[in-house]
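Student: I'm new to this one. Can you walk me through it?

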Amino acid sequence: MPPTAIECLSTLRFAAGRCWLDEPSLRADGIAAEAIAPAFDVDASHASLVKRDRRTAVWRTAAAGRRWIVKQYFLAPWRTRLYHSVCLSPAWREWRASQRLHRLGQRVCLPVGLLHDVRGGQMLLLPHIEGPTVHEHIEGLRSLDELTDSGRAARRQLIDAIGRQMGELLAAGWVNRDYKPGNLIMDESCLRDGQPPVMIDTVGLRRRTSERQAIRMLAVMMRSAARVSHVAPRERIACLRAILRADPSLARGRVNRERYVLQAVREAIRKKPD
């Protein structure tokens, strides 16, 4: 077994390969470890493909009376074995990043299992979270005039929650290079109580070592949001203010922190528009 740096893991051998499991979490939900084996069978009729690209496929599946998400990673078999042996495959990195975010008090979807497939790939098992992504929630909006008063209030609440979440992550000394609307799920607590959305796809988590990294993270989020929805200038400023309140260290010592960061983000987007 490779070193995992993840607590409370146990291993089981399934037909598809060896599986590392967070058994305490499964037991807390009344689920026997052996009962989740069908969740990894993405070729079965109960599995449906959510999205697929060159490196990964995401499946919605079911097992033990629950709904699950399986994230399948495609790597050359030799590369998978090499990275797996030192716990540096994308699946292991995502699991560790999620654990780290959870310890920081961030809202994140925690994996409960990782299957090392006998065919050479890896699969990460995560609980299914009900709710749209921020991408789906804001997609297609052309003007704030299309929103009702309650819709505008809910949007302001979401922008503030996202700004707080980003600022708290930066203040803790981390950046998430994949922090964008498609990787944020609006569960019931987010929709009803104004809690920050739940982060998924956390493999891009890195130590924050420079101000430039923080600027890039903000640029990715703002650029991605602008692609799918109208974002008013005042909304960008409101999000930035929430970030700066949560992270007093960002642009510390600048005469006008807000203007400096906004200009730096615009420059980052201009240099890398795609």
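Tutor: We'll go from the whole chain to a few strands. This is a predicted model, where local features need pLDDT of at least 70, side-chain atom pairs count only at pLDDT 80 or more, and totals for chains, interfaces and linings use all residues. Residues are numbered from 1 along each chain as its sequence is written, and side-chain values use heavy atoms, leaving out hydrogens and water.

Student: How many helices and strands does the protein chain have?

Tutor: Nine helices and 11 strands. Helices (H or I, at least four residues) and strands (E, at least two) are DSSP runs, numbered from the N terminus.

Student: Why call it as compact as a globular protein of that length?

Tutor: Its radius of gyration is 20 Å, close to the 19 Å that the globule rule gives for 274 residues, so the chain is as compact as a globular protein of that length. The radius is taken over C-alpha atoms, and the rule is 2.2 Å times the number of residues to the power 0.38.

Student: What percentage of the residues count as buried?

Tutor: 47% of the 274. Buried means under 20% relative accessible area, with a 1.4 Å probe and protein chains only.

Student: Now the strands. Which residues of strand 6 point which way?

Tutor: Gly113, Leu115 and Asp117 point one way. Leu114 and His116 point the other way. In a regular strand the side chains alternate between the two faces of the sheet.

Student: Is strand 6 enclosed or open?

Tutor: Five of the five residues of strand 6 (residues 113-117) are buried, so it is largely enclosed by the rest of the structure.

Student: What does strand 6 pair with?

Tutor: Strand 2 (residues 17-22) pairs with strand 6 in the antiparallel sense, over five bridges. There, Cys19 stands opposite Leu115. Strand 7 (residues 122-127) also runs antiparallel to strand 6, joined by four bridges. His116 has Gln122 of strand 7 as its bridge partner. Two strands pair if DSSP finds at least two bridges between them.

Student: And strand 7, what about its pairing with strand 5?

Tutor: Those two are antiparallel, over six bridges. Lys71 stands opposite Leu124 of strand 7.

Student: How many residues of strand 5 are buried?

Tutor: Six of its eight, so to speak of residues 66-73, the strand is mostly covered.

Student: Which residue in the hairpin of strand 4 and strand 5 takes a positive phi?

Tutor: Ala64, near 55°. The hairpin has two residues between the strands. Strand 4 (residues 56-63) and strand 5 run antiparallel, joined by eight bridges. Ala57 stands opposite Gln72 in strand 5.

How values were computed: Buried means under 20% relative accessible area, exposed over 50%, partly exposed in between (1.4 Å probe, protein chains only).
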